[in-house]
Amino acid sequence: MKEQVVCKTTELEPGEMKAAHFGKQDVLICRTLDGEFYAFLNQCTHQGAPLDKGMICGATTEDSTPGDYHYCRKGEIIRCPWHGREFDIKDEGRMLANPNKRLASFKVRVENEDVIVYK
């Protein structure tokens, strides 16, 4: 099993994400508002944008209308910086618009203050 410390827990506040390296791969480390950590390949499935340049946000609700947006699941969605594709952090990185597509993901555990990514 391959594993690597990618950052300290103190480097990411809940609702933040950052780029890191896992071996030769660029990975995206996300910390949701409940404090859980997740890791994905730092590359949008659409055209390869670096997702760390995007944002963690919420999903719009069905009550939203143009110019009047309502959000749910705040801090659980990654939005791509190039074309706005959205991925569900807590559902294996599945694309909101097409759940059959998802980001490549990695397992994560926390030991002491180390965030460890592994396969």
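The questions and answers below walk through the strands, cores and cysteines of a predicted model.

Residues are numbered from 1 along each chain as its sequence is written, and side-chain values use heavy atoms, with hydrogens and water left out. Because the model is predicted, local features need pLDDT of at least 70 and side-chain atom pairs count only at pLDDT 80 or more, while totals for chains, interfaces and linings use all residues.

User: What is the order of the strands in the open sheet of four strands?
Analyst: Strands here are DSSP runs of E with at least two residues, numbered from the N terminus, and two strands pair if DSSP finds at least two bridges between them. β5 (55-60) and β8 (94-95) stand at the edges with a single partner strand each, so one side of each is left without a neighbour in the sheet. The pairing is antiparallel, and the order is β5-β6-β7-β8.

User: Which residue of β7 stands opposite R79?
Analyst: Strands β6 and β7 pair in the antiparallel sense over three bridges, and their hairpin has six residues between the strands, where G84 takes a positive phi near 75°. Strand β7 covers residues 86-88. The residue opposite R79 is E86.

User: Is E86 buried or exposed?
Analyst: The side chains of E86 and R79 are joined by a polar contact of 2.7 Å, where a polar contact is a pair of N or O atoms within 3.5 Å, one able to donate a hydrogen and the other to accept it within protein, and residues adjacent in sequence count only if both atoms are side-chain atoms. Leaving out residues up to four places away in sequence, E86 also touches others, including C57, I77 and M95, with contact meaning heavy atoms within 4.5 Å. Buried means under 20% relative accessible area, exposed over 50%, and partly exposed in between, using a 1.4 Å probe and protein chains only. Since the relative accessible area of E86 is 18%, E86 is buried.

User: How many bridges join β2 to β3?
Analyst: Strand β3 (residues 25-31) is mostly covered, with five of its seven residues buried. Together β2 and β3 form a hairpin with two residues between them, and G23 in the turn has a positive phi of about 65°. H21 stands opposite D26 in β3, and the number of bridges joining these antiparallel strands is seven.

User: Which residues have the most contacts inside the largest nonpolar core?
Analyst: A nonpolar core is a set of buried Ala, Val, Leu, Ile, Met, Phe, Trp, Tyr and Cys residues joined through side-chain atoms within 4.5 Å. The largest one has 14 residues, and apart from it lies another core, of 12 residues, among them C7, L12, I29 and V117. In the largest core, the residues with the most contacts are C30, L51, I78 and F87.

User: How many disulfides does the structure hold?
Analyst: A disulfide is counted when a pair of cysteine sulfur atoms lies within 2.5 Å. The sulfur of C44 has its closest cysteine sulfur in C80, but at 3.7 Å this is too far for a bond. C72 is in no disulfide either, as the nearest cysteine sulfur, that of C57, is 10 Å away. The number of disulfides is zero.

User: Which relative accessibility makes C44 count as buried?
Analyst: For comparison, C72 has a relative accessibility of 31%, which means that C72 counts as partly exposed. C44 counts as buried because its relative accessibility is 4%.
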